[in-house]
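Let's take a walk through this structure together. Have the sequence and the 3D view ready.

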Amino acid sequence: MTASSEAPSKAENDLVLRSCPICEASCGLRIYVDKEAKSIERIEGDPDDFRSRGYLCPKAYAIKGVYEDPDRLHRPIRKLDDGTWEELGWDEALDLAADKLRAIQEAHGTHAVGLFVGEPTGHDVGALLYTTHFIMTFQTPRMFSSATMDQFPKQVSLTRMIGDGEMYVIPDIHRTDLFICMGGNPLASQGSLMGTPNAKKAIRAVSERGGRVVVIDPRKSETADIANDHYFIKPGSDAYFLAAMCQVIFEEDLVALGRFAEFTDGVSEVKEFVAPFTPEVVAAATGMDADVIRELARAYATTPRAALYGRIGTCTQEFGTLASWLLDVVAILTGHFDEVGCMMFPRPATGDTEPGRQNPEMPVGLWKTIARQLPLVDGQLPAGTMAEEIEEAQAGDQRMRGLVTVAANPVLSAPNGNRLAAATNELDFMVSVDIYLNETTSNADLILPTRVHAERGNYDLVYTRTSSHNFARYSPPIFEPEAGLLDHWQVLLELAARINGKTIEEVDAEALDALIDKVTAPGALCEGVSRETILAAIGDEIGPFRILDLQLRSGPYGDHFDPSKEGLSLAKLMEVEGPVDLGPLKPRLPEALKTTNGRLPLAHPYITADIPRLHAALKERSRADRMVLIGRRQVRNMNSWLHNVPVLAKGKSRCTLLMSPVDALRLGIENGGKARVRSRSGEVIAEAQVSSEMMPGVVSLPHGFGHTRLGSQLGVAATKQPGVNANQLTDEMPLDVPSGTHIANGIPVEIEAA
Ligand SMILES: Nc1nc2c(c(=O)[nH]1)N[C@H]1C(S)=C(S)[C@@H](COP(=O)(O)OP(=O)(O)OC[C@H]3O[C@@H](n4cnc5c(=O)[nH]c(N)nc54)[C@H](O)[C@@H]3O)O[C@H]1N2
Ligand SMILES: Nc1nc2c(c(=O)[nH]1)N[C@H]1C(S)=C(S)[C@@H](COP(=O)(O)OP(=O)(O)OC[C@H]3O[C@@H](n4cnc5c(=O)[nH]c(N)nc54)[C@H](O)[C@@H]3O)O[C@H]1N2
Ligand code: SF4
Ligand SMILES: [Mo]
């Protein structure tokens, strides 16, 4: 039996209003459809959406492109001995996966199965709400995800400082007078951890109202092009720059803790830590003039509404945790944290960030990888250690023998993809929950496809947590789902049930009970409400939408199951066409702090223990002749998975190696010529694009390309935008130590003409 509950639908005519599920911005779309032909006729930005006001980018067309893609999988397929694939029924496929994984765990321990959860799960409420429970089914410490290629350093830092790693702090871009952007390029990414449709307009507006925009980036990015000032910084040196900013702030008496003085500890320790990092000391390591660092520190400290923001470039680098932490330290020291126009906390309607919803603190190192003895940090292992954990030569008897990937393409997205692809041959069994036969899933024994966005209802669960303005929105499915295709959550729930030897109803009830316990816990907003009352209100149809209803009703804007209250519920959200405006961001601390003692430790020992590494690297970092690689994003890519959509793949090859004219001349490489790029972990040959937008000594290559592996079924990607795999150059060995995050920015490389 399979779960059959469908997403509620409110789309009856030929126009469907919904948010775009491709990136964090969650723009409002108007989708014109022919329901009978089940085709999407036109996609437009919705002018009535108060967040995006008609804006959309080309990736919105992926909703149609992926839905119609002839290469997309519609049935489970298994690999035969000769390497070809055959379709099989859902029951057989789910039983096969569950039997194989359970057998591996019974014979070799729970850690013999590993899971890798990828980015697109963040854009599907069903996948999100069932992934946690799915993960718990396996009770395996071998838990990997895109987080350790992404925001994990920020999470590790926030967990220690405020007690919740997923309560992200976001630039209040609409009200700031000084926006300093480090290691993010919102004009390409549309703003990550600053969900803002039409980021360009929002950033331009800062200067237009008399404010200032400063971009600090080794590349003069598209965002830098519209900024008032751009400064080059050597990749991976942000922690030095930020420490020097703090040093100036202490030295010049610019510390202004304000209301934070009452609940913040560790200021004097921070002062001591940063004292050696004067602007002069860090100038060579950062490539920034001491005078510029001083000016920026003063401007920031003395502008009341100033937001200092960092993203991928400050996370996936050698000192990702220290840089992520120092961004918040500078803000707290100068009164720019949790204040209007500064860095602020959204308040999502689902209540995820409400006090009383503490997750038990997880000590670091409850488990260690076998090959390198790297600790499990806050539930994650470094993504690039999957290969070595599978290899018998590295992990012996304790190796990983089973692997589950869920909406992930680590052969292209994680370090040293070739090593991972080769290692999968040593697995006893691999199953991928995915819509394509691609570079990663082609290594699996079984692929379980899911529905795609056009066929599922959605709620922007994660992105209401990262939005620069509070909102809530239900998005209906565009079409009735295709018969015989399960959704993400159904696949995960079915697998969990079969592995546990339970019914899906039993597993679902466990997930629900855990949430009911949380929302009714002492201090939570529904403290004291009975389980019976809640179940009677949310109904008995299993699936993500009653869980969502529970979250909305128990959240800060909810009715708290009190019939006399006018609060939010899923039913109310479904009556509204478009997003519900829940107001601008408001200060939330200290009430929202989730640390055990209710205080904010500015100098948490887990983080400051990494400072000696910063000292130790200063000399090497100050060398003038280092050549390093960084990444970049482009408007028509979404990591690795949209290159098979014809309208997004057309045009010239986009996977070019950007380099400065100074380096091109020295290396004898011409614009349009071929460059061989080599790192410890691999080599690629890419087309050079010579441009003064690059800092000398730094080259940039986008990730998510390399669609040339045999075995994939991505006709458009392989012919129109094959590119090369930047992550063949990303070395799986060095890490940002406290978070176990990989270094995708600042990889030492050698380059020559090819
Ligand atoms: N060098 C370098 N590497 C990077 C980065 C970088 O900046 N530089 N960025 C990193 C970051 S931030 C991230 S988030 C990761 C992303 O890396 P991953 O999490 O691996 O994500 P993708 O590469 O986008 O692969 C997504 C997979 O999901 C599948 N998919 C898409 N939609 C659905 C769906 O609806 N259902 C199912 N079941 N499957 C679906 C696609 O077919 C594809 O296989 O990459 C990281 N890698
Ligand atoms: N179009 C598009 N949008 C996307 C994605 C996509 O693939 N395509 N991916 C989505 C995902 S998963 C994520 S996580 C977000 C990421 O969102 P962003 O963080 O905005 O991503 P990028 O555009 O890669 O911007 C990173 C910037 O950091 C700079 N940089 C590199 N190294 C350093 C360094 O050491 N220090 C500093 N200061 N800067 C550095 C790079 O030059 C680049 O300009 O984007 C999301 N949005
Ligand atoms: S910016 Fe993001 S959310 Fe908006 S249309 Fe483009 S992909 Fe969709
Ligand atoms: Mo990401």
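## The sheet

Strand 10 (residues 212–216) pairs with strand 11 in the parallel sense, over three bridges. Strands here are DSSP runs of E with at least two residues, helices are runs of H or I with at least four, and both are numbered from the N terminus; two strands pair if DSSP finds at least two bridges between them. Within this pair, Val214 has Asp229 of strand 11 as its bridge partner.

This is a predicted model, in which local features need pLDDT of at least 70, side-chain atom pairs count only at pLDDT 80 or more, and totals for chains, interfaces and linings use all residues. Residues are numbered from 1 along each chain as its sequence is written, chains are lettered from A and ligands numbered from 1 in the order written, and side-chain values use heavy atoms, without hydrogens and water.

The open sheet has four strands in the order 11-10-9-13, with parallel pairing. Strand 11 (229–231) and strand 13 (306–310) are at the edges with a single partner strand each, so one side of each has no neighbour in the sheet.

## Around ligand 3

What surrounds ligand 3? The residues around it (a heavy atom within 4 Å) include Cys20, Cys23, Cys27, Cys57, Lys59 and Gln190.

## Two spots in loops

A cis peptide bond, with omega about 5°, joins Leu589 and Pro590. Pro590 lies in the loop between strand 21 (580–581) and strand 22 (600–601).

Asp338 has a positive phi near 60°, though it isn't a glycine. Look for Asp338 in the loop between helix 13 (320–333) and strand 14 (343–344).
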